[in-house]
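Reader: I would like to learn how to read salt bridges in a model. Please take me through them.

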Amino acid sequence: MTIHHWSRDSEAEQSKDFRRVLWTGEHSQLVIMTIEPGGEIGEETHPDNDQILSFVSGSAKAVIEGEEHLVAAGDIVAVPAGTRHNFINVGHSPLVLYTIYGPAHHAEGAVHATKEEADAKEEAGEDEPPQ
């Protein structure tokens, strides 16, 4: 068995991509995201995926089923499958977070430099999780 290990802070400092899949397992997936000031993940619902988000730096407005909450570094948010959600960077620095999907939601090893690239890949069916 191979142990996969990352430094939470150094990985976050190195990653400037909107979304980077770090690891994909049989039942879950680890992804790091960097959202620029004023940017957002985009409102979405994952019917088949639970999601746990851990915030490393920055601050955001979490909009979950229309209810707003402020989140910041050190916070963790669980989003159950089927829940409409968005996270909007309301700070002056990048919002960096890790998210764990269960099961995997993105293509293994996917790297999307921008939200626009991520949206285009999803739209084209080029960001499908392993079967």
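Author: What follows is a short walk through charged pairs. This is a predicted model: local features need pLDDT of at least 70, side-chain atom pairs count only at pLDDT 80 or more, and totals for chains, interfaces and linings use all residues. Residues are numbered from 1 along each chain as its sequence is written, and side-chain values use heavy atoms, with hydrogens and water left out.

Reader: What is a salt bridge, and how many does the structure hold?

Author: Side chains of opposite charge can pair when their charged atoms come close. The term means a side-chain nitrogen of Lys or Arg within 4 Å of a carboxyl oxygen of Asp or Glu. The structure holds eight.

Reader: Which residue forms a salt bridge with Asp 17?

Author: Arg 20, with the closest N and O atoms 2.3 Å apart. Asp 17 is buried at 13% relative accessible area; Arg 20 is partly exposed at 28%. Buried means under 20% relative accessible area, exposed over 50%, partly exposed in between (1.4 Å probe, protein chains only).

Reader: Are Asp 127 and Arg 19 buried or exposed?

Author: Both are buried. They form a salt bridge, the closest N and O atoms being 3.9 Å apart. Asp 127 lies in the segment after helix H2 (115-123) and Arg 19 in strand E1 (residues 19-24), so the pair ties together parts 108 residues apart in sequence. Helices (H or I, at least four residues) and strands (E, at least two) are DSSP runs, numbered from the N terminus.
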